[in-house]
Each structure stands twice: as C-alpha cells, then as structure tokens.
Amino acid sequence: MSLLDPRPDAPRAGRFQWHRTHPLAFDAALAVAVFACILCGAVADPHGPHGPRFAGHHLTATTVVLAALACAALVLRRRLPRTVLAVTGSLTIVELLARSSDPRAPVAASAVIALYSLASRTDRPTTGRIGALTVVVLTAAAMLYGPRPWYAQENIAIFAWTGMAAAAGDAVRSRRAFVSAIRERAERAERTREEEARRRVAEERLRIARELHDVVAHHIALVNVQAGVASHVMDNRPDQAKEALAHVREASRSALEELRATVGLLRQSDDPKAPTEPAPGLGVLDQLVDGFVRAGIPVDLEVPHSPRPLPASVDLTAYRVVQEALTNVHKHAGEGARATVRIVDADTALTVTVLDDGAGRAGIPRQKGGDRPPVEPGGPGEPEDSGGGHGLIGMRERVFALRGTVVTGPRAAGGFQVRVTLPLQAVRTGESV
C-alpha cells in the first residue's frame, strides 16, 4: 500500500482524475470549449456605444476556419506540444494579419493553452527559451497589426496571457516533479522498512535456533552418556546404574528449564508468565563443568580468582563457547579424555580456551567429527557425518557478532583446541551508547 495513494480512497480519486485516465477525450472536450469561447469572443463588442454587448459583430468564414484549425490542433497538445504551439502561434499571427477578418477572433487563446501545455511537460530552460520567443513574437505581431494604438488593451493582454501561461505551466511541472519525488521517497522508505523487518526476523530466528541448539546438544549429550552407562551396568552394578539415572534426570530437568527460558523469549510482552531467570554466564560455569565431570570427563578449570563483571553478551557467549567445546570433547574425544578450560580476562579482551588431550576411548575419530576446523562450514571438505557442523557454525556466529575471533584445530601434542577472543572495549562502548 502506498503512503500517498491509500487503497480505500483509490476509486474516489479515480473519479476526480478522469482527465488523467482519458487524456484524449479530455483534450477533445477542451478543444470544443476553447472553440466556443473564441467564437463568443469574436461576436462580442467590448467597445459598443452603449457599453459592452454580446452579438455586436457577425461571424465570418475566416473567423470560423481559423478558430477551428487552432482548436483542432489542441487535441494533440500532449503528444506534440511544440508542433501544436507552432501551429496555434502561426494561426494567431495569420488572424492578426488578415485585415479582412472582421471581427477579429481571439485565436491567441489557443496559443496560450498550447504554451501552457509545453511548459508543463518540458524542463525550465526549454520553457524559458520557447516561452520568451512566443511572447515576443505574438506581442510584436499584435502591436504591429492589431488594434490601434499599439498599447491597446487587446495587445497588452496577449503579452500578459502568454507570460502567465508559461509561468503557470512551469509551476505545474515543478509540482508534479515534487510530488513524484515524495511518492518515490515514501515507496523507497516503505520497501526499506519491510526489508529491515524481514532482516530482523531472520536474525531473531537464527539467534533462537542457535540458543536451542546449544541447550539441546549439551544436555542431550549428557543424557545419552548416562543412559548408556545405566544400560551397561544395570545387571551387575545396580547402584551405579541408579546413580547414572539420577544424572539423567538432573540433566533432563536442566534442559527443560533452559528450553523454557529460551522459548519464553517468544512470548508477547503482555503474556502472564514471562521468564525471570537470567541467561547463563561464567558465574555458573562450575555447575556446567560439574555436569561433564559426572559424565566421566575430567575437566581442569582455570579462571581468574576475582572475576570482574562482564557485558551480558560477552558473558553468555563465553559460557556457550565452553558448553559447546566440552560437548564436542565428550562426543568426539571419547570416554577418558581430559579437558582443560582456561579463561583469561585482560583489559581489552576475554580469551576462552578449551583443550583436550585426545586420549579417550571409543570416541568418534577426530578427523571425521563435525568440529574439524580449518574447513569452512558447509564447504566441500566438511564431513558428511558431522550433522551439518551446527555447533561450530553457531559458535562462530556468536563470536563474529561481537567482532571476536575463533581459532580451532588439532594440537601438536595431540587432542583438540578451541580458542575464542572476545573484545571488551567495543562491547562496553556499544552498550553505553
């Protein structure tokens, strides 16, 4: 819907703009009206002995022919404005030169309309040149061959009417250009708003999908491990199986709580129950590491002794990076692998490093995993059994959104590493603004 042409008013606007939808019919009607006005002006006597009176003169064949030819040319004033102006101007001069034409017909009215049509459809310099030429020629012809004295009212009227026609036509052209520019600008702004809305919706969907992937992948991986342990030791060691099932229940409860908090972001602002639990961060990193330790992955945690408050976006991203990296260690390094989580908080950046020794057993070989980086996600070198590599893709998207860097790859001493650097100054500046 256009801002300048609302749909409910379109039929009404069409009724009042009939001259635009049927231009040829309108020009024909205009030509008939001008022809009638010229004939009426020809028979009128403005200087009668007893004042102006109608039918003071008689029409002649010359008057009717000149008026008919000039008005017939007006039908083509939109298609051939310069030709129509030349024809009507020439007929006006012929009428002024025809001494036998008595009474004189105001054929100059057709030239006035033709000049207006030309000025409303051409640029200003062209209007100035052609308009000035028309005014000078017609006014000079009227003063030389028109009524006496040369400064008679009829002669001055030709000068005034032709000048006003050129000025009015240029004003109409300027207004049309102005309205057209406003309409184009409004349509462009409307398209920009729609594109911006679609872009924001796509970004929000991607963000929610990334959150869901991080939550589900982490907790389901833990549930899978503990369920496998419980199934393996159910007959021989029921106590250990019961402990594994307790871990399954705790992991599933945590998954449900995080899913509820994430999906709760989709609620409307007036929904009765909005999520009040804050997003996870490095403050609950101990709980995250403890879950992996119970799953059988020893984790060494190296964090600052007195951590300072971090921007919310950096805190959440760092937590998700550790979560995804440890999940990948569990899936691909295998049981028995040892991981190290190291967090360095500098003045300008936060560095998160997750290492493993690759000494696990029964793990999926690292070269086939979905987390083999130097390969671009979705590229030709990405393995088919990686599940699409959404973990690393989501990690990169989170870090790149904060203008950080990601380095992943195998270690020289064996194992795998994930190193993420998140700038702090730019994030704090953006949040303060």
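**Figure 1. Helix H3 has buried residues that include Asp27, Ala31 and Val34.** Ile38, Leu39, Ala42 and Val43 of H3 are buried too. Together these residues cover an arc of only 165 degrees around the axis, which puts them on the same side of H3. An α-helix has 3.6 residues a turn, so residues three or four places apart point the same way. On the other side of H3, Val32 and Cys37 are exposed. The buried residues pack against two helices, H4 (61-73) and H6 (108-119). This is a predicted model. H3 itself comprises the 21 residues 23-43. At 1.5 Å a residue the helix should span 30 Å, and its end C-alpha atoms are 31 Å apart, which agrees.

**Figure 2. Ser110 and Ile113 both belong to helix H6.** Ser110 is buried, with a relative accessible area of 0%. Residues up to four places away in sequence aside, Ser110 touches Ala70, Leu74 and Thr88. Ile113 is in contact with Leu30, Val34, Leu74 and Arg77, again leaving aside neighbours within four places in sequence. Ile113 and Ala166 are 53 residues apart along the chain, and their C-alpha atoms are separated by 9.3 Å.

**Figure 3. Residues 179-206 carry a coiled-coil annotation in UniProt.** The label, "coiled-coil region", comes from an unreviewed entry. In the model, this stretch is 100% helix and 0% strand. Its end C-alpha atoms are 40 Å apart.

**Figure 4. Five strands form an open sheet with mixed pairing.** The strand order is S1-S2-S3-S5-S4. S1 (299-302) and S4 (405-410) stand at the edges. Each has a single partner strand, so one side of each is left without a neighbour in the sheet. From one strand to the next, the twist averages 10 degrees.

Figure 5. A hairpin of three residues joins S2 to S3.

**Figure 6. S4 and S5 run antiparallel.** Six bridges join S4 to S5, which covers residues 416-423. Val406 has Val420 in S5 as its bridge partner. Pro410 has Phe416. The hairpin of S4 and S5 has five residues between the strands. In this hairpin, Gly414 takes a positive phi near 105 degrees.

**Figure 7. Helices H10 and H11 against the sheet.** H10 (residues 285-294) lies across S1 and S2, the latter spanning 339-345. H10 runs at about 165 degrees to S1. H11 (residues 312-333) packs on the sheet and touches S1, S2, S3 (349-356) and S5. The direction of H11 makes about 10 degrees with that of S3.

**Figure 8. Arg403 has a positive phi without being a glycine.** The value is about 65 degrees. Most residues other than glycine have a negative phi. Arg403 lies in the loop between helix H12 (390-401) and S4. Is this residue buried or exposed? Arg403 is exposed, with a relative accessible area of 69%.

**Figure 9. The protein as a whole has 13 helices and five strands.** Of its 433 residues, 37% count as buried. Among contacts with a separation of 6 or more, 67% come from residues 24 or more positions apart.

Technical notes
Residues are numbered from 1 along each chain as its sequence is written. This is a predicted model: local features need pLDDT of at least 70, side-chain atom pairs count only at pLDDT 80 or more; totals for chains, interfaces and linings use all residues. Side-chain values use heavy atoms; hydrogens and water are left out. Two strands pair if DSSP finds at least two bridges between them. Helices (H or I, at least four residues) and strands (E, at least two) are DSSP runs, numbered from the N terminus. Axes are lines fitted to C-alpha atoms, for helices over the stretch in contact, and angles run from 0 to 180 degrees between N-to-C directions. Contact means heavy atoms within 4.5 Å. The expected span of a helix is 1.5 Å times one less than its number of residues. Buried means under 20% relative accessible area, exposed over 50%, partly exposed in between (1.4 Å probe, protein chains only). The arc is that of the directions from the helix axis to the C-beta atoms. UniProt positions are given in the numbering used here, feature names are shortened, and annotations may be inferred rather than shown by experiment.
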